[in-house]
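Me: Got a model open here and I'd like to talk it through. Can you walk me through the contacts?
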Amino acid sequence: MSTLLPEPHAYRPGKLAKLRDGLRYQGGIGQWSWMFHRITGIGILIFLIIHVIDTFFVVFNPALYDHTVAIYGGVFNGQYFWPLRWAFRLAELGLMATVLYHAINGVRVILFDFWSEGCKYQKESFTAVMIVFLALMLPAAVVVILPLASAPDHMVKVPENTPVQP
Amino acid sequence: MARNRIKPQGGFELTAWYFMRISGLVLVFLALGHLFIMHIANNVENINYAFVAGRWANPRTGWIWRLWDMSMIALAMLHGFNGLRQILDEYVHGAKARVAVHTTLWMVMTTLLLMGSYAIWMFQVDKAYVDQYRALNPAAASASAAR
């Protein structure tokens with residue numbers, strides 16, 4: 001296997017110049033899609049850690065689980081707060097966009113790995129990624145954001161915890 | 001091999017390289033399917049304990065959801081933490097610091113994977129709790145009955 005890499009990028013001394021040079025590494029759409037792939041990857045991992053912990057509640061404390069998911073719906077301690085609901089709905093949309101970008105761009109990366117001509121179509125393939133992303137994201141945005149126009153269906157009341165009945 | 005693509009020559013890194021691509025492709029379906037079910041077909045306002053119980057403890061289809069969630073958490077954890085390891089390896093060069101980073105990542109990953117697996121396999125429905133919840137939230141009860 002040949003690795004025809006360009007000469008290593010020359011970094012100027014100094015932390016700030018180094019950061020600026022690092023951000024301009026090779027440049028172009030390939031670099032930015034790569035950087036977004038990393039940022040979205042880290043974002044998804046942070047969410048995943050929170051998500052595993054909140055789903056863990058389900059097995060030992062149903063009331064704590066319902067209390068937690070009620071917050072995601074904008075209800076805290078049996079009281080509805082609209083900014084809470086808005087914040088979580090928008091964050092939900094952000095999460096979907098993040099996962100969707102990482103998924104579609106990941107498929108593009110795999111195509112490059114197994115189809116040697118792929119890298120020649122860096123720009124075209126990124127345009128394709130963006131088209132697929134928007135085609136899936138716009139309807140999703142409508143579905144997620146539209147319910148915010150009306151009040152929530154019901155207020156959530158969480159009962160006291162009861163021991164697990166096998 | 002295409003220009004400018006770096007593929008490891010062998011050993012653990014090559015296995016990890018293949019794992020990232022295979023798990024990534026599987027996760028496209030598992031994770032996007034999960035997002036569709038949870039955020040499009042349902043939403044954060046009708047997901048609750050009773051909803052989770054209805055999926056995992058369903059006598060006919062429960063095992064499918066548990067298998068789905070189990071595969072998803074295992075692949076996502078390994079994929080995510082290996083990705084973070086690769087990023088950190090580019091910035092952390094000291095031998096001691098690397099050992100510390102790798103140890104921390106493996107410990108956190110294993111803990112989360114054990115927590116998730118425990119929740120998925122050990123889940124039992126608390127029927128008394130679900131009845132209490134439905135009694136307190138008649139609107140939620142009718143909404144879940146309509147599904």
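Reply: What follows goes through the chains, their interface, the salt bridges and the aromatic rings.

Reply: This is a predicted model, so local features need pLDDT of at least 70 and side-chain atom pairs count only at pLDDT 80 or more, while totals for chains, interfaces and linings use all residues. Residues are numbered from 1 along each chain as its sequence is written, chains are lettered from A and ligands numbered from 1 in the order in which they are written, and side-chain values use heavy atoms, with hydrogens and water left out.

Me: OK, what's the secondary structure of chain A?
Reply: Five helices and two strands, running α-α-α-β-β-α-α from the N terminus on. Helices (H or I, at least four residues) and strands (E, at least two) are DSSP runs, numbered from the N terminus.

Me: And how much of chain A is buried?
Reply: Buried residues are 37% of its 166 residues. Buried means under 20% relative accessible area, exposed over 50%, and partly exposed in between (1.4 Å probe, protein chains only).

Me: Switching to the interface: how many residues of chain A are in contact with chain B?
Reply: 58 residues of chain A are in contact (heavy atoms within 4.5 Å) with 55 residues of chain B. The area buried between the two chains is about 5,100 Å², and carbon and sulfur atoms give 69% of that. Buried area here is the accessible area (1.4 Å probe) that two parts lose on being put together, summed over both.

Me: How many salt bridges between chain A and chain B?
Reply: Four, where a salt bridge is a side-chain nitrogen of Lys or Arg within 4 Å of a carboxyl oxygen of Asp or Glu. One of them pairs Glu45(B) with Arg85(A), the closest N and O atoms being 2.8 Å apart.

Me: Which helices of chain A touch chain B?
Reply: α2 (28-60), α3 (62-72), α4 and α5 (122-145) of chain A each supply at least two residues to that side. α4(A) gives the most, with 15 residues.

Me: What does Arg21(B) form a salt bridge with?
Reply: Asp113(A), with the closest N and O atoms 2.4 Å apart. Arg21(B) lies in helix α1 (residues 11-41) of chain B and Asp113(A) in helix α4 of chain A, so the pair joins two chains. Both Arg21(B) and Asp113(A) are buried.

Me: What about Arg55(B), where does that one go?
Reply: Arg55(B) forms a salt bridge with Asp69(B), at 3.7 Å between the closest N and O atoms. Helix α2 (residues 49-56) of chain B holds Arg55(B) and helix α3 (residues 62-91) of chain B holds Asp69(B), so the pair ties together parts that are 14 residues apart in sequence. Arg55(B) also lies over the face of Trp65(B), 4.3 Å from the ring centre. For that, NZ of Lys or CZ of Arg has to be within 6 Å of the ring centre and within 35 degrees of the ring normal.

Me: Rings, then. How many aromatic pairs over all chains?
Reply: 14. Rings of Phe, Tyr and Trp (its six-membered ring) pair if their centres lie within 6.5 Å; planes under 30 degrees apart count as stacked, over 60 as edge-to-face and the rest as tilted. Among them, Trp82(A) and Trp86(A) are edge-to-face, 6.5 Å centre to centre with 85 degrees between the planes.

Me: Why are Trp82(A) and Trp86(A) about one helical turn apart?
Reply: Because they are four residues apart in helix α4 (residues 82-114) of chain A. Trp82(A) counts as exposed, at 55% relative accessibility, and Trp86(A) as partly exposed, at 35%.
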